[in-house]
Amino acid sequence: PEQISSQASLALAAAPTHLVDGDRDRLEHWLDTAERLLAAGQELEASPATCAVLRAGLARGGASAMADAAATAYELAAEDHPWRPLACTLRGAGLHLLGDRARAVPVLEEGARRGGVVAPSAQVLCLAQLALIRADDEDWEEAALLASRARAQLERAGVSHYPSSALAFAVSALVRAHRDRVEAAQDDRRQAQELLARLVDPPPWYALETRVALARTMLRLGDATASRTLLSQAERLLHAVADAPLAARWVEDARHHADTFATSVLAGPASLTNAELRVLRLLPTHLSFREMGLYLHVTANTVKTHAHAVYRKLDASSRSEAVVQARDIGLLDDVGAA
């Protein structure tokens, strides 16, 4: 550490290793060190582009700030600079989350082209992001081709063990689950979750995308409880990407599909309405009916009516019993409402 702290070149070599393991505090530490040494007079070729793309990788200011910082890094980098593919990855992901698909796609496609040789991890993430876009369009054939290219490059480039490859495995699992390749999807899902667990503090957008893709996969594989757990984790990340409406829509849509799936296991007259499901999600909390009403913008009596309907339809005699019953059939995850 003492040697690295004395040389800008070493600090800028240490910082990117923490893009791989998602340790943003360490990444920022070495980036700050490098910038301080550069400001003190140490010279290093192409350091402005390197610093800019690493700053974008921190994603401290949300999707818009990440996209802007990555665009700056791209302009600072020379035509053949190996950081350009990563700049494309970050800018494309940011534009995608902001809902600007028209600009995101060509940027991600450029990153995939540029990254094949000099930055395979960046190429893989560009392909995974493009696969998500096609999946949202219900173009599952194209999504499968893109996910397959990403999956193959993981193995070819020897980066499948990198924690930062979790998103690519999650997207591959989603596509394979949709195509009813159950065993292959489960393999990718397990790999994605193992890598995700090894990420120390990944950028919120990345952690959210990976968890939503895994939640959709688990739902497709019939595990509503696991899906809800992942969605609860994703929901807690939304505040960090508050400027990205697409992220909120992903979570909301996935939650809706989870609700639809879970209620399908109940008999016809016992199906829960959307209003009753919203109340059910709050039952594991300490909130009173009056407080739930304030949260849901309805009266306490309305909440009480919905709660009693939930008890009846779940054949429960109390709030705690309803929570237990709901968890048993996958209507609630083990974490409970945030």
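The questions and answers below concern this predicted model.

Trainee: Is Thr 89 buried or exposed?
Mentor: Thr 89 lies in helix H6, which spans residues 84-97. Its relative accessibility is 3%, and a residue under 20% is classed as buried. Thr 89 therefore counts as buried.

Trainee: Which residue's backbone oxygen does the side chain of Thr 89 reach?
Mentor: Apart from neighbours within four places in sequence, Thr 89 is in contact with Leu 108, Ala 122, Leu 125 and Cys 126. The side chain of Thr 89 comes to 3.3 Å from a backbone oxygen, and that oxygen belongs to Ala 122.

Trainee: How is the direction of H6 relative to H8 described?
Mentor: Two packed helices are described by the angle between their axes and the distance between the axes. For H6 and H8 (residues 120-136), the axes are 8 Å apart and the angle is about 25°. Angles under 35 degrees count as roughly parallel, so H6 is to H8 roughly parallel.

Trainee: How many nonpolar residues does the contact of H6 with H8 have?
Mentor: H6 contributes Pro 85, Leu 86, Cys 88, Thr 89, Ala 93 and His 96, while H8 contributes Ala 122, Leu 125, Cys 126, Gln 129, Leu 132, Ile 133 and Asp 136. By class, three of these residues are polar and one is charged. The number of nonpolar residues is nine.

Trainee: Why is H15 called oblique to H16, and at what angle do they pack?
Mentor: H15 covers residues 274-282 and H16 covers residues 289-296, and their axes are 11 Å apart. H15 is oblique to H16 because of the angle between them, which is about 125°.

Trainee: Which charged residue takes part in the contact of H15 with H16?
Mentor: The contact is made by Arg 278, Val 279 and Leu 282 of H15 together with Met 292, Tyr 295 and Leu 296 of H16. Five of these residues are nonpolar, none is polar and one is charged.

Trainee: What is the phi of Glu 138?
Mentor: Most residues other than glycine have a negative phi. Glu 138 sits in the loop between H8 and helix H9, and at 56% relative accessibility it counts as exposed. Although Glu 138 is not a glycine, its phi is positive, at about 65°.

Trainee: Is Asp 315 buried or exposed?
Mentor: Asp 315 is in the loop between helix H17 and helix H18. Asp 315 also has a positive phi, of about 55°, without being a glycine. Its relative accessibility is 64%, and over 50% is the range called exposed. Asp 315 therefore counts as exposed.

Note on methods:
Residues numbered from 1 in each chain as written. Predicted model: local features only at pLDDT ≥ 70, side-chain atom pairs only at ≥ 80, totals over all residues. Heavy atoms only, no water. Axes fitted to C-alpha atoms, helices over the stretch in contact; angles between N-to-C directions. Helix = DSSP H or I, 4+ residues; strand = E, 2+ residues; numbered from the N terminus. Parallel < 35°, antiparallel > 145°, perpendicular 65-115°, else oblique. Contact = heavy atoms within 4.5 Å. Nonpolar A, V, L, I, M, F, W, Y, C, P; charged D, E, K, R; others polar. Buried < 20%, exposed > 50% of the residue type's maximum accessible area, 1.4 Å probe, protein only. Polar contact = N/O pair within 3.5 Å; in protein donor to acceptor, adjacent residues only side chain to side chain.
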